[in-house]
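Please keep the structure in view while reading.

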Protein chains: 2
Amino acid sequence: MRLSRYFLPILKETPKEADIVSHRLMLRTGMIRQEAAGIYAWLPLGYKVLKKVEQVVREEQNRAGAIEVLMPTIQSADLWRESGRYDDYGKEMLRIKDRHERDMLFGPTNEEMITEIFRASVRSYRDLPLNLYHIQWKFRDEVRPRFGVMRSREFLMKDAYSFDLDQAGARVSYNKMFVAYLRTFARLGLKAIPMAADSGPIGGDMSHEFIILAKTGESEVFCDKELLDLPIPGEDTDFEADLSPIVSRWLESYAATDEKHDAARFEAEVPADRRISARGIEVGHIFYFGTKYSAPMKAVVAGPDGSENPVHMGSYGIGPTRLVAAIIEASHDDAGIIWPESVAPFDVGLINLKSGDAATDAACEDLYAKLTGAGRDVLYDDTGERAGSKFATAELIGLPWQLIVGPKGLAAGEVELKNRATGERRSLSADSAVSKLAG
Amino acid sequence: MRLSRYFLPILKETPKEADIVSHRLMLRTGMIRQEAAGIYAWLPLGYKVLKKVEQVVREEQNRAGAIEVLMPTIQSADLWRESGRYDDYGKEMLRIKDRHERDMLFGPTNEEMITEIFRASVRSYRDLPLNLYHIQWKFRDEVRPRFGVMRSREFLMKDAYSFDLDQAGARVSYNKMFVAYLRTFARLGLKAIPMAADSGPIGGDMSHEFIILAKTGESEVFCDKELLDLPIPGEDTDFEADLSPIVSRWLESYAATDEKHDAARFEAEVPADRRISARGIEVGHIFYFGTKYSAPMKAVVAGPDGSENPVHMGSYGIGPTRLVAAIIEASHDDAGIIWPESVAPFDVGLINLKSGDAATDAACEDLYAKLTGAGRDVLYDDTGERAGSKFATAELIGLPWQLIVGPKGLAAGEVELKNRATGERRSLSADSAVSKLAG
């Protein structure tokens, strides 16, 4: 993409309304634009990142055997009356009357609807286990939306729902999502630590939040440093095998949110030099809730013995919009964003230091064609801006690599390649740069 | 995907509520499920098709130089008050009050919001032309939603908006979308014919509907048979070149909707044996509307002479959800759907005629592994259903190829390959089948 043809509305000044760094950087880089309180449009640069995050989430859900559907945003209130939540859910639910005065709502979550879809066709244990997920926009009418897309009213959510005959089956499904989440966050360049979370009236040990450490985190968390270096299950993980050894290893070392923290246990179990006390951002939540919805909504399945019982369910949420902000919180410096390669909006920023100079233009065009031809996604800064301004933009938007081309370097047969994350720069021939980037 | 692990809730009976064939087939094959009047959940089979349609639309928008964004579903009423449409738009607009009693709405379209995004950062002709599009769920509160996703209340829409300095520039942008639409529909296996449409108070000749011929179409259309065989612009089309010769050729031959039909001209211009009078379904609409929104909303750009003028805009819509139904209307038979390869939910249906038979199972597993390994998306019917039922399901869901494996054939060293569209069957070795399908 040529920057001169792109739509990248960089703000010169830091927006005053933004309290946290991800919000500031997303506004400054023109990734998003606020259209109403807590409601954002995703502009080209931001939308590319969001789609990449979404795709990583999708691939790992599929790998774990979950099946993608798409439920609508607008739901009938009647469905929520069946579960009893229509009255219980407070003002966060956006309630709507349609032209026929029917009560509708913009879905804040989908337990009711997925239970309805399930009960309409599944009758037997033979069709289990089943895990259906979707990636859809949801709405929660927060009183004071803030922190940009970290806590917005309209937000994208991947929510998966598992269905099993009994609790033992539900644990198998739970473990699959546990491992899928470990893989998902790692692929996004994040160190996410599963921490026991409140399981409400259901009780038990099947409720975990996945938390990343970031200075600007919303809550305090405590964990064993060992957890930061635990190996992530590989691509070849067999999701049909017993995953409990993997899950157990992650739950063995101490990790707790403020709510669940036990200072005495922390000090007893974790040597002083491994105790981490930090701020954390919740990026995922997995939760077994048994028959909470299936019982009132009569989603029953027949077991091998013919008896009919409410299906056991769990839900598994990740917010891709919030993740984009979380990645920035975890990966930036004073100059701007530092994108992990897996979600960078472009692979390479090609910087023409003297647009209009025939030789420099020709060299850039050649590099652009070669890199693009090799499947690299390149943002070519072909504008008439000054070099200093181009550098600042490149640092700000944080593409993994900057390829810098100017008349002086070309005279010496060289271009410069800069790694955004390490700051490392090297001079090399144009051909070597192509090999390095396209290799 | 193994059918035993998939979620494919086929209905045994034809649903009574469905009036048209696409709606019937989408319900029967478990592609969609109605969740409220005119509001559908997309189940796994349907969602795969929808994503493929969406991706073809996206690729052709990108090829034509349009840039993807994503605007939110919920909009502020204030924006619509600026254009004057908040009061004009009737009951089709889903109006909402949030918890602070602010007037919001579920966007039925996005002219206002995209104009707001544009005016916030673009000031000069140097940043033009610009075409921004998004693929987003919209809501129109139809009095009587019907025909399934052909006319639903919540629907997916690709809407692009072009911005140019003047009308001449707008025509260039218009032509790009015109050609992109020709390519899009052709890739989806549809013969879509551009027909002059009402341009309202703007006047002029820049408003076209793209219409496909289908017996169940909503309106009557008239055209010259020649149009069905005009060549579609190739992948190598240069969108920076003058596209008016291509556009002109398509507009030269007679084609008109009922509204615009001129029987005398039709008979004068088109020889009797080339006159087509048929039913049509609108699958796209492109439209130049000048400064209708930019003038009241003060989206102005400075021209080369420094004078500031409202930007000239056009909008370009395609409904992917409606397209899924339109493709089925255009491509089915008594047994079920016949998917074009470009949007088929799977490439191949692998049918095990005797699940549980060791040799047949082994042969199927081997074929499944080889085809999947070669990048083919295979739905493997490994269930315990009878052969007749498996055949019926395969015909119904309409995958392009059926690969049929049974003990008798295997004893003779053969499997059977059936083309869903032509009905052609041939016996061949398993290896030849793999070569044929994976080639």
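A salt bridge, as counted here, is a side-chain nitrogen of Lys or Arg within 4 Å of a carboxyl oxygen of Asp or Glu. In this predicted model, the count between chain A and chain B is 6 salt bridges. One of them joins A:Glu116 to B:Arg33, with the closest N and O atoms 2.6 Å apart.

**Between chain A and chain B**

- The contact draws on 57 residues from chain A and 57 residues from chain B, and the area buried between the two chains is about 4700 Å², of which carbon and sulfur atoms give 61%.
- A:Phe7, A:Leu70 and A:Arg99 supply 16% of the area that chain A buries against chain B, which is more than any other three residues.
- Across this interface there are 14 residue pairs in polar contact, while the side of chain A that touches chain B is made up of 32 nonpolar, 5 polar and 20 charged residues.

**Between the two domains of chain A**

- Chain A is divided into domain 1 (3–71 + 110–337) and domain 2 (348–438), and their centres, taken over C-alpha atoms, are separated by 37 Å.
- Domain 1 brings 14 residues to the contact and domain 2 brings 12 residues, and about 1100 Å² is buried between them, with carbon and sulfur atoms giving 59%.
- On the domain 1 side, A:Leu3, A:Ala335 and A:Ile337 lose the most area to domain 2, together 42% of what that side buries.
- The count between these domains is 2 salt bridges, including the one between A:Asp333 and A:Arg420, whose closest N and O atoms are 2.8 Å apart.

Conventions. Residues are numbered from 1 along each chain as its sequence is written. Chains are lettered from A and ligands numbered from 1 in the order in which they are written. This is a predicted model: local features need pLDDT of at least 70, side-chain atom pairs count only at pLDDT 80 or more; totals for chains, interfaces and linings use all residues. Side-chain values use heavy atoms; hydrogens and water are left out. Contact means heavy atoms within 4.5 Å. Buried area is the accessible area (1.4 Å probe) that two parts lose on being put together, summed over both. A polar contact is a pair of N or O atoms within 3.5 Å; within protein, one must be able to donate a hydrogen and the other to accept it, and residues adjacent in sequence count only if both atoms are side-chain atoms. Ala, Val, Leu, Ile, Met, Phe, Trp, Tyr, Cys and Pro count as nonpolar, Asp, Glu, Lys and Arg as charged, and the others, Gly among them, as polar. Domain bounds come from an automatic or database domain assignment.
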